[in-house]
Amino acid sequence: MATGRTHRPATRSRGIPEATVARLPLYLRALTALSERSVPTVSSEELAAAAGVNSAKLRKDFSYLGSYGTRGVGYDVEYLVYQISRELGLTQDWPVVIVGIGNLGAALANYGGFASRGFRVAALIDADPAMAGKPVAGIPVQHTDDLEKIIEDNGVSIGVIATPAGAAQQVCERLVAAGVTSILNFAPTVLSVPDGVDVRKVDLSIELQILAFHEQRKAGEETAAGDGALPAATAREKSADQGPDGDVPAVMPA
């Protein structure tokens with residue numbers, strides 16, 4: 001059984017690295033914002049800054065897509081929006097089910113960005129009989145007893161789990177048995193899935209803990225700076241944190 005697997009789209013078979021795939025949504029978000037402002041072209045430096053990466057990394061990423069831009073002109077915004085959307089599989093409609101319609105699940109159901117990014121919330125599912133039939137974001141909640149039929153009827157391959165931790169693994173297993181092959185997990189637990197099923201985990205508490213770590217580090221550096229020179233040990237730590245191209249590596253949960 002594999003755990004905490006990362007989604008591997010079809011682009012991988014064509015030699016696009018996972019790190020590049022992970023940055024494509026960042027580029028798409030920046031390009032979409034430019035498109036909405038009717039900006040026709042963008043330079044690699046401008047787009048890299050908008051996406052939060054360096055321009056050399058952006059140009060390398062785009063080389064995997066076969067897009068090098070035009071020297072002196074830059075990249076065609078609309079073309080890149082289409083190209084990246086196609087690589088990410090967003091030029092088709094992806095039906096999604098959300099399981100667990102508590103506060104988080106309801107917030108996800110009300111998120112307006114799904115439709116514009118190629119995803120359609122096909123069903124909302126919850127184990128509480130009192131929730132059955134209640135509309136959330138205009139969609140009636142259905143009971144988990146009907147989970148398998150809902151997935152089959154809607155041709156769902158992507159499931160979102162927003163249940164409490166104790167229920168997440170059982171829900172995951174039912175989703176997989178019903179044919180779901182990609183899962184976005186918001187439950188604070190690690191899911192075990194068979195080969196061929198991809199899981200992306202979103203844990204807000206972990207992300208906040210990582211931010212707390214960095215805040216503590218900054219506070220320590222400010223205290224040291226107030227006392228005079230940066231201690232040698234801290235200087236060595238800062239040097240060790242630098243990546244090969246000078247970037248500070250992102251701290252990500254396993």
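Let's start with E9 and E11, which run parallel and are joined by four bridges. Within this pairing, Ile 183 has Val 199 in E11 as its bridge partner. What you see is a predicted model, in which local features need pLDDT of at least 70 and side-chain atom pairs count only at pLDDT 80 or more, while totals for chains, interfaces and linings use all residues. Residues are numbered from 1 along each chain as its sequence is written, and side-chain values use heavy atoms, leaving out hydrogens and water.

**The sheet**

- Seven strands make up an open sheet with mixed pairing, in the order E6-E7-E5-E4-E8-E9-E11; strands are DSSP runs of E with at least two residues, and helices are runs of H or I with at least four, numbered from the N terminus.
- Strand E6 (135-136) and strand E11 (198-201) are the edge strands, each pairing on one side only; two strands pair if DSSP finds at least two bridges between them.

**Strand E8 and its neighbours**

- Strand E8 (residues 158-161) sends Ile 158 and Val 160 one way and Gly 159 and Ile 161 the other way, and all are buried (under 20% relative accessible area, with a 1.4 Å probe and protein chains only).
- Strand E4 (residues 94-99) runs parallel to E8, and four bridges join them.
- Val 99 has Ile 161 in E8 as its bridge partner.
- E8 also pairs with strand E9 (residues 182-185) in the parallel sense, over four bridges.
- Ile 158 stands opposite Ser 182 in E9.
- From E8 the chain crosses through helix H8 (residues 165-177) to E9, a right-handed β-α-β crossover (with the strands pointing away from the viewer, the path from the first strand over the helix to the second runs clockwise).

**A helix across the sheet**

- H8 lies across E4, E8 and E9, running at about 170° to E8 (angles run from 0 to 180 degrees between N-to-C directions, and axes are lines fitted to C-alpha atoms, for helices over the stretch in contact).

**Two helices packed together**

- How far apart are the axes of H1 and H2? Helix H1 (residues 18-36) and helix H2 (residues 44-51) pack with their axes 8 Å apart, at an angle of about 110°.
- H1 and H2 are therefore roughly perpendicular to each other (65 to 115 degrees).
- Leu 26, Tyr 27, Ala 30, Leu 31 and Leu 34 of H1 make the contact with Leu 47, Ala 50 and Ala 51 of H2 (heavy atoms within 4.5 Å).

Note on methods. Buried < 20%, exposed > 50% of the residue type's maximum accessible area, 1.4 Å probe, protein only. Parallel < 35°, antiparallel > 145°, perpendicular 65-115°, else oblique.
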